[in-house]
Structures are given as C-alpha cells and as structure tokens.
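Subject: Structure handover

Hello,

Here is the structure for you to take over. My notes on it follow below.

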Amino acid sequence: MNGSIHFYDFHPPVADIRDEVLEGLSRRPKQVAPKYFYDRRGSQLFDAITELPEYYPTRTEVDILESNGAQIAELLGNDCMLMELGSGSSRKIRVLLDALQPAAYVPLDISRAHLLDAATTLARDYPQIDVHAACTDYSNGFELPELPDHLARAAFFPGSSIGNFEPDDACALLRRVGCYLGEGGKLLIGVDLKKDTSTLNAAYNDTRQLTAAFNLNLLERINRELAADFQLQCFEHLAFFNEQAGRIEMHLRSTRDQQVRVAGQVIDFAEGESLHTENSYKYSVAEFQALAAGSGFSTEQVWTDDARLFSVHCLRYSG
Ligand code: AVJ
C-alpha cells in the first residue's frame, strides 16, 4: 500500500473547546492555552513568523537538521515509521524524509485544514511513503489510529513546541511519546536555548508586528467559534522573557475596563488586566537533558548551531 494517505480526525468537539476556554477565563490570572492559536489564519501567521529576521528558531533548526542529516539518519534508522508532533509547515520534515526515507510518516496536528494540506502535498511528493495523518490535540493524552506494528518507531518533535508546556507537563508528554515508541525508540526533538534577553524579546516583538497579529488572532477565533464579542482594538500584545521562570510569556492586555461576552457568559476585564496566552520555556542543554531523563530518555547526541541559539537532541527511550 505504498504512497497511500489515511486521514483520521480526532479534533476536539467545539463544546470541549468552549468549556476549556471558559475555565481558563475564570482563572486569575486569566489564561487560554496556546494550542488555540492554530486555526487556519493562526497557522498561516505562524508560518510567516518563522520567516521573520528576528525569529531565529526555525531557520537555525533547519540548518542544524540539514548539516547533520546523515548522522540523524544513522541514529534514527531507515525504513522506520516516523511520527511528527505538531507538523505545521513542512520545511523541516522534508529534510528528514529525504535523509531517512521512512516507510511511513505519521503527522499529528491540531489544525485540521493545515494538516490536511500539508499531508496531501507530502504524500504526492513522496509516493514511496505511507502517510497516516491524525488531527488530534496531542497535549491531551494523544489519540492515535491503529498503526502498522512491524516497523521500528521514531518521533520528531520540532520547533521547541515542547517549550509551550510546564516542565511537569512536558515530562508527562515525553513519557507518553516514549510509551508509543517502546524501548529503544528514538526521539528527535528541537529545543530553544537560553540566551541573552534582548535576542529573546526581539523574537517575540517583531517590528512587522506579526507576532502581535498572531496573538490577537486568538480573540478573533474565539469570537467566531464561541460566539464572543472581543474588541481586538481594546487589547494589546505583550511578550517578555520572565527570567525567574526561564520562559517567554505572551499576554493580551486589556487597555480599559470592559466586559466581553463569551458563549453566553459575561467576562470582566479591568484596565491593564492580562489574558495569558503562551509560555515558551527556554532550556540549557543540561536542563533539557535532565527533564528528558525524568521521562525515561537518555541522550544519544545533541547538536547546536555555532552561536548556540538552538539545540536538536536525539534521545533514546529506555523505559
Ligand atoms: C511553536 C511554540 C515553538 O514558542 O516560539 C512564536 C510559537 N509564539 N511566536 C514559540 C510562537 C510566538 C512558538 N512555538
């Protein structure tokens, strides 16, 4: 069945999204999970962010993958079934598919439209690879289709998306990936590194204000999907490195006292109150290795760029 594409839809129902968003808005400080950024427009805006001069992670990770393709292929093995968490745009996976030539490719993403477009294009361009695309919220104990079990499993978790999770949740997620892989299974994961605060802050406060548009698009999405009436001009983008916590924080700050209706409920915002929309944890190589060890992974190899902006780790699950 070479070259076939299978599509599985485990997208959370709108009622679950409503409950989760309302629960987040009832907290102090208010929060909404960053996975909700990625409707069609949010995914497009994120792709545009990855091309910005200030946003160094994507191009740095691609460079690391390209420079080390042969060694990565050796460590992960050919003919495997390669899962990708948060597939998004396909630039990085093409580098890996070329180097690894896996038998099957299993992209997981919460953005249905984006996943379907990307998976269809890849299936066409790589006719020798079976594609099993699953639209799923992998942060939530991922649901998976029945997959062939005769192939060695490997996983790719690019982009430092692991940084969106609280360290404890990151640990639990990696453990689940490990259970999927089985003992000896390899995980290739991209992790953004700690660095000077001005470089970090610039990456999340670009002069073209695409990151601001990406952040604000969350309110537009909630307006459309949850019958809400956020006024986008009454919120402003805020992003900064929180040194103490070791993470970039993104917020939407209310510029005045206001009330917003969301799915039939009234939500009060005070002037200056913020809605916390994202954390992006940054790690040193040693910090991340310690986190991975806590999930049962040992380090086989770590690559960084010369400026030590970004790291890619090859980890092995030992149970
Ligand atoms: C996709 C989570 C890795 O944290 O850098 C980019 C998302 N947010 N600009 C990141 C993001 C603002 C990105 N991750």
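This is a predicted model: local features need pLDDT of at least 70, side-chain atom pairs count only at pLDDT 80 or more; totals for chains, interfaces and linings use all residues.

The crossing of helix 7 past helix 10 is right-handed. On the helix 7 side the contact is made by Pro-167, Ala-170, Cys-171, Leu-174 and Arg-175, and on the helix 10 side by Phe-288, Leu-291, Ala-292 and Gly-294. Sorted by class, the residues of this contact are 7 nonpolar, 1 polar and 1 charged.

Helix 2 spans residues 40-49 and helix 9 spans residues 210-225; their axes come within 9 Å and cross at roughly 160°. That angle is over 145 degrees, so helix 2 and helix 9 are roughly antiparallel. Helix 2 passes helix 9 with a left-handed crossing. Helix 2 contributes Arg-41, Gly-42, Leu-45, Phe-46, Ala-48 and Ile-49 to the contact, while helix 9 contributes Leu-210, Thr-211, Ala-213, Phe-214 and Asn-217. This contact has 7 nonpolar residues, 3 polar ones and 1 charged one.

The other partner is helix 6, which runs over residues 112-125. Its axis and that of helix 2 come within 8 Å and cross at roughly 60°, and the pair is therefore oblique. Here Arg-40, Ser-43, Gln-44 and Asp-47 of helix 2 meet Ala-113, His-114 and Asp-117 of helix 6. The contact of helix 2 with helix 6 divides into 1 nonpolar, 3 polar and 3 charged residues. For the contact with helix 9, the corresponding counts are 7 nonpolar, 3 polar and 1 charged.

Next, the ligand. It is surrounded by 13 residues, and the closest of them are Tyr-55, Gly-159, Tyr-204, Glu-278 and Ser-280. Which atoms come together there? The side chain of Tyr-55 has a polar atom 2.5 Å from an oxygen atom of the ligand. Ser-280 likewise places a polar side-chain atom 2.7 Å from a ligand oxygen. In the case of Glu-278, an N or O atom of the side chain is 2.6 Å from a nitrogen atom of the ligand.

Finally, some backbone details in loops.

- Arg-28 to Pro-29: this peptide bond is cis, and its omega is near -5°. Pro-29 sits in the loop between helix 1 (14-25) and strand 2 (30-31).
- Gln-101: phi is near 50°, which is positive although the residue is not glycine. Gln-101 belongs to the loop that connects helix 5 (91-100) with strand 4 (104-109).
- Ala-263: phi is near 45°, again a positive value in a residue other than glycine. Ala-263 lies in the loop between strand 10 (258-262) and strand 11 (265-269).

Regards

Key: Residues are numbered from 1 along each chain as its sequence is written. Side-chain values use heavy atoms; hydrogens and water are left out. Axes are lines fitted to C-alpha atoms, for helices over the stretch in contact, and angles run from 0 to 180 degrees between N-to-C directions. Helices (H or I, at least four residues) and strands (E, at least two) are DSSP runs, numbered from the N terminus. Angles under 35 degrees count as roughly parallel, over 145 as roughly antiparallel, 65 to 115 as roughly perpendicular and the rest as oblique. A crossing is left-handed if the near helix is turned anticlockwise from the far one by less than a right angle, and right-handed if clockwise. Contact means heavy atoms within 4.5 Å. Ala, Val, Leu, Ile, Met, Phe, Trp, Tyr, Cys and Pro count as nonpolar, Asp, Glu, Lys and Arg as charged, and the others, Gly among them, as polar. A residue is near a molecule or strand if one of its heavy atoms lies within 4 Å of it. A polar contact is a pair of N or O atoms within 3.5 Å; within protein, one must be able to donate a hydrogen and the other to accept it, and residues adjacent in sequence count only if both atoms are side-chain atoms.
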